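Biologist: Thanks for sitting down with me. Could you walk me through this fold, one piece at a time?

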Amino acid sequence: MSQEYRIKLNESNLVIWKVTCEFGVFYDKKKYSFENAIEHFISFYDSNPLEENEEEALTDENDSYYLTSGENCWYMCDDQYGYNLEIKILDLIRSEGIDDIEVDGWGKEEIDFSEEDEDGNKVILTALSNYNEATDNNLKVEGDFLIGNCFNDFVEECPCNDCLKVR
Ligand SMILES: [Zn+2]
């Protein structure tokens, strides 16, 4: 088991970002019925693709996929620049079981640590949970501390053994 470290949250570069993404998702007709595709889409995303309530309207020109589209936002941890947000969000989407996504646009804004999300959870908890899912990590916060096996994304010199090896 890898060793657990702790660093002060306010000495890290960790920033909470709210990332907005406009996207389309392709559902292979061999794997999804029309109803299953819609059900799957709605279970993951805020928006309902059924504004055009026509099966044909959601079918691509080769007739092999259903294409649904919408907009959603996620809280995600990254450093102060947020350059890796898009990769992390795509990894998060893939971890939710969607492979084929077409991105139409991105937006991002910095969020204060004290804010709460739509469900009344502290945004830091939601953002860390998304971060862990996207990066296969295990970071958590306790009081003013960030705890976990590797802080590679959030400090200049991560104390973990893996990062020490590559320095
Ligand atoms: Zn590390």
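**Sheets, helices and a loop**

Modeller: Gladly! Helices (H or I, at least four residues) and strands (E, at least two) are DSSP runs, numbered from the N terminus, and two strands pair if DSSP finds at least two bridges between them. Axes are lines fitted to C-alpha atoms, for helices over the stretch in contact, and angles run from 0 to 180 degrees between N-to-C directions.

Modeller: Please keep in mind that this is a predicted model: local features need pLDDT of at least 70, side-chain atom pairs count only at pLDDT 80 or more, and totals for chains, interfaces and linings use all residues. Residues are numbered from 1 along each chain as its sequence is written.

Biologist: Which residue in β4 does I16 stand opposite?

Modeller: β2 and β4 run antiparallel and are joined by ten bridges. In β4, the residue opposite I16 is I111.

Biologist: Within what arc do the buried residues of α2 fall?

Modeller: A residue is buried if 20 or more other C-beta atoms lie within 10 Å of its own, exposed if 12 or fewer, and partly exposed in between, with C-beta atoms placed from the backbone. In α2 (residues 85-95) the buried ones are L85, K88, I89 and I93. They line one face of the helix, because, seen down its axis (by the directions from the axis to the C-beta atoms), they fall within an arc of 140°.

Biologist: How are α2 and α3 oriented to each other, roughly parallel or roughly perpendicular?

Modeller: Their axes are 8 Å apart, and the helices pack at an angle of about 75°. Angles under 35 degrees count as roughly parallel, over 145 as roughly antiparallel, 65 to 115 as roughly perpendicular and the rest as oblique. The two helices, α2 and α3, are therefore roughly perpendicular.

Biologist: Which residues in α3 meet α2?

Modeller: From α2, the residues taking part are K88, D91, L92 and S95. Their counterparts in α3 are N130, Y131, E133, A134 and T135.

Biologist: Is D136 buried or exposed?

Modeller: D136 sits in the loop between α3 and β5. Although D136 is not a glycine, its phi is positive, about 60°. With 8 other C-beta atoms within 10 Å, D136 is exposed.

Biologist: What residue in β6 does I7 stand opposite?

Modeller: Four bridges join β1 to β6 (residues 145-148), and the two run antiparallel. Y5 stands opposite G148, while I7 stands opposite L146.

Biologist: Which residue takes a positive phi in the hairpin of β5 and β6?

Modeller: These two strands pair over three bridges in the antiparallel sense, with E142 opposite F145. The hairpin has two residues between the strands, and the one with a positive phi near 60° is G143.

Definitions and conventions:
Contact = placed C-beta atoms within 7 Å.
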